[in-house]
Amino acid sequence: MAIKLSISGIRGKFHELSPSRVVEFAQAYSNYIGGGDILISSDSRPSGKFIREALIAGLTAAGSNVIDYGNLPTPILQWLIKNASCSGGVSITAGHNTFDWNCLIFLNAEGSYINHIEGEEFFNVYHSGRFITRKYDRIGTYSQQESPPESYFNALSINEKSDKFPKFVVDCSNGFTEDIIEKLSLALHVKMIPIFSSKTNIMEKDPEPTILNAQLLGTIVRETGSDGGFLLNSDASRVLVVDEYGQPHSEELTLPIFASIILEKEKSHIVTNYSTSNTIDQVAKKFNSRVFRTDVGQPQVVQSVQDLKTTIGGEGSGSIIYSPFSSGFDSFYFIRTIIQYLHQNKVSLSYIASQFVPPRIYKETLFLPQTKIYKILERIGNLYTPTVRLKDGFYIRNGEDWLCIRASATVSMIRIVGEGESISDEIARIKELVI
Amino acid sequence: MKRIQNIKIGISGIRGIIGETLAPEQVVNLTRAFSTLIGSGRVAVATDTRPTGQMIKRAVFSGLIFSEITPVDTFILPTPSLEIFVKERKLNGGIIITASHNPEQWNGIKFVDENGLFLFPFTALNLIDIYYQGSFKIPSENRFPDIETVHDAFRVHKKKIMKIIDIDRIRKKRFKVLVDPGGGVGSIYDKEFLEELGCEVHMINDEVGNKFPRNPEPTEANLEVTSQYMKEKNFDIGFAQDSDGDRLCILDETGRAFGGELTLAVALFGYLSRKKPGKIVVNLSTSRITEHVADRFGFKVIKSPVGEINVVEYMQKENAIAGGEGNGGIIIPEVHYCRDSFTGMALVLDCMAFYDKRISEIAAELPTLKMIKTVIPLSKSGAHKIISILKDKHPNGNTLDGLRVDEENYWFHVRSSNTEPVLRIVAEGKEDQIDKIIADLRSWIEKKAD
């Protein structure tokens, strides 16, 4: 069994998430939340087809009513759940993982990822292996909803317009289709050119928003004379900005850009994880607010945003949450904020990006067998005195330089992220130890 | 402790109670076993009217898609229509989600091969082996098929039936028909079908919902209300079906429910009268009334073990032109090798039109015999022992499936049930004799079994 089970989702390659396993998780989830209405949607991954059917079978057998939003990115599903009276939701998407992966993301009644306490309770039900299915006249119903839903885009829409009609290229990373981008462009009064948005003719690509993966988008922005571009991962929870010259800006700048725009108008502290660049601390300092850091992952960051009642949260991997609007990371809200700012201030994306010094951040991954990961983490841990012990690794800080070493929640590997002059030497030291 | 008897995994698929013994896990894995057996291609999927069918269908779809087989959704459809659709559209198989004559708490799935036939026993055993071993096909590529949909699969079936009857002759009669589909698939298709034959159609028990309006098995006992309705109104004939439309029961204009045995005989009456003599196949528990009809038109009767697929297997082997079972299952290969209530209805109307007689008059031409169906609680091995002793006592009996003994005025068939720990006895004879014969047989068996 090579599936990964965490509150970030039940994740596996297309042949590992078998229909019976999906049915079991669905029944366990329905039992755990006690039935009611459950909203579901998926990205465009082919394996979503069998997962969706098994999910519906399991949820309805256990007595939950399934409301199916078809092919819809997670942030929109989360928003719908937050604004409906329902019990929860399930998004079928593997976000930034390559196309051969898929994942079931379980959402609570607020539309947020289940937190670690909910996760523990849910997995206890699952591991008990005993699921309650309902009698013939108590099984759940199934209905399909209009998708994409107008309500989300109405809520997202802005009044501001520009004299000239700005044009942007949006890379959907095969996660969702052009009808979403069409609705988004109408709501924001801009022209948008979607790429990697076909449902039928899928050209595989790495959906993780990184400068490397943004090269093609950059070229298209340049060639089409656009005002910029946005590279999203396949569930639209992460985003990276490309300026009007086609120049991609690190995903580490997504949160700082967003926070500085919001903080110009309102006061809030900021929640991010230990694996995020110091750039956000500079933004906080400028606006006289504080940065709170958490373990890595959407569930942890969003939970802290809710606990600390901050408006802004996000991660260095390119995600943001604006809590008055969303209950999870939402790239569309990021795009809305940027475009509204451009309409209002008549500036360019390159100008906005120039306000930030590109972070000197290093990201390394060490792919390892699942059975070795924690042993190796321990060995690495012996090299240092951690500043903070994370639930899945270590955070070491030395002046401005920092290093975050942790086991990935989604794939069998160790992620090393660090920032500062001394970090490349440290990474080399760790790699030597592992090899 | 109470025995669990409400789940059956056997050669005819799986059947159980929703929320107790039948859950989607079994369905996805059984579907994967079936998919492993057929390898690749397209598989038609249908349900009867049970609302739980939608949940089961999702599990079936998931199992098929994961096995890289394209599901073809034919929605709510009679079992015979699905079988015919698979064959005519050259699909690779079919899956029917139904618990047939069982009440609404039940559901199940049955598998159909590329010829539109239920799996033959050895193939079915192979399927069960794969299921228990869990050695299923794993997807090789990250490329899964979409679900195809077909909304008019019944038309393929209807077209085949219309070819074997004289439509104009029936239409001219403008029969007034009462139909009782019992809330099953007939609720959706009967009216259109019979109106095409020029009938004035009245429906009863045709509400589709969580509960069946009556017990879905179309037996005399379950049709009392329908029978009463026939008596009060003026109909030429009444028809009742089970939930998936394979079994039929006729009611005559006086409201008398024929039961499956007489229904089979009457349905074959007109059909055999117009065919060149040959062979027909019935199972060993079927009434002599059908043999009487066969004799009358010069047909030889071959007897098969009990079970639809056994009848079909013998029909193919013997090149029979008709066949059936005494539960109201009429099989006409010109349409398809399956039990089919729609073919049954068409043949009966055709027969009435051809002879220009009331349905009661046609039935009156057949002998009146009394049939007794009873069970004695007995383990499988106990039943086996009793049957061996009986076989010694009746060396000329038919031993194909238990023991069938034919005497001039009566016959009886004793066999061990496939589904319950009982010995089944079916017997038939003259009204005044048969009760005593069976009472004697019963007490003899009970004494031996002690």
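## Where the two chains meet

A polar contact is a pair of N or O atoms within 3.5 Å; within protein, one atom must be able to donate a hydrogen and the other to accept it, and residues adjacent in sequence count only if both atoms are side-chain atoms. With that rule in hand, we can look at the meeting of chain B and chain A, where 7 residue pairs are in polar contact, both residues of a pair being at pLDDT 80 or more. Please keep in mind that this is a predicted model, in which local features need pLDDT of at least 70 and side-chain atom pairs count only at pLDDT 80 or more, while totals for chains, interfaces and linings use all residues. Residues are numbered from 1 along each chain as its sequence is written, chains are lettered from A and ligands numbered from 1 in the order in which they are written, and side-chain values use heavy atoms, with hydrogens and water left out.

How many residues does each chain bring to the contact? Chain B gives 33 and chain A gives 30, where contact means heavy atoms within 4.5 Å. Together the two chains bury about 2500 Å², and 63% of this lies on carbon and sulfur atoms. Buried area here is the accessible area (1.4 Å probe) that two parts lose on being put together, summed over both.

## Charges and helices at the interface

There are 3 salt bridges between chain B and chain A. A salt bridge is a side-chain nitrogen of Lys or Arg within 4 Å of a carboxyl oxygen of Asp or Glu. Arg58(B) forms one with Glu53(A), with 2.8 Å between the closest N and O atoms.

On the chain B side, α1 (24-38) and α2 (52-66) each supply at least two residues of the surface that touches chain A. The largest share, 9 residues, comes from α2(B). Helices (H or I, at least four residues) and strands (E, at least two) are DSSP runs, numbered from the N terminus. Sorted by class, this side of chain B has 15 nonpolar, 9 polar and 9 charged residues. In this sorting, Ala, Val, Leu, Ile, Met, Phe, Trp, Tyr, Cys and Pro count as nonpolar, Asp, Glu, Lys and Arg as charged, and the others, Gly among them, as polar.

## Domains of chain A

Chain A is divided into domain 1 (4-144), domain 2 (152-359) and domain 3 (361-434), with bounds that come from an automatic or database domain assignment. Taken over C-alpha atoms, the centres of domain 1 and domain 3 of chain A are 32 Å apart. Each of these two domains puts 7 residues into their contact.

Domain 1 and domain 3 of chain A bury about 590 Å² between them, 55% of it on carbon and sulfur atoms. On the domain 1 side, Lys4(A), His96(A) and Trp101(A) lose the most area, together 65% of what that side buries. Between these domains there are 0 salt bridges, but 1 residue pair is in polar contact.

## Salt bridges within the chains

Over all chains, the whole structure holds 53 salt bridges. One of them joins Arg52(A) to Asp68(A), whose closest N and O atoms are 3.0 Å apart. These partners are 16 residues apart, with Arg52(A) in helix α2 (residues 48-61) and Asp68(A) in strand β4 (residues 64-71) of chain A. Are they buried or exposed? Arg52(A) counts as buried because its relative accessibility is 13%, and Asp68(A) is buried too, at 3%. Buried means under 20% relative accessible area, exposed over 50%, and partly exposed in between (1.4 Å probe, protein chains only).

In chain B, Arg339(B) forms a salt bridge with Asp246(B), with closest N and O atoms 3.0 Å apart. Arg339(B) lies in strand β16 (residues 336-339) and Asp246(B) in the loop between β10 (237-241) and β11 (248-251), so the pair ties together parts 93 residues apart in sequence. Both Arg339(B) and Asp246(B) are buried. Elsewhere, Arg288(B), Glu291(B), Lys303(B), Arg404(B) and Asp406(B) are linked in a network of salt bridges.

Most residues other than glycine have a negative phi, and most peptide bonds are trans. The peptide bond from Ser147(A) to Pro148(A), however, is cis, with omega near 0°. Pro148(A) sits in the loop between β7 (142-144) and α5 (150-156) of chain A.

Phe196(A) is not a glycine, yet has a positive phi of about 50°. Lys346(A), also not a glycine, has a positive phi of about 50°. Phe196(A) counts as buried because its relative accessibility is 17%, whereas Lys346(A), at 56%, counts as exposed.
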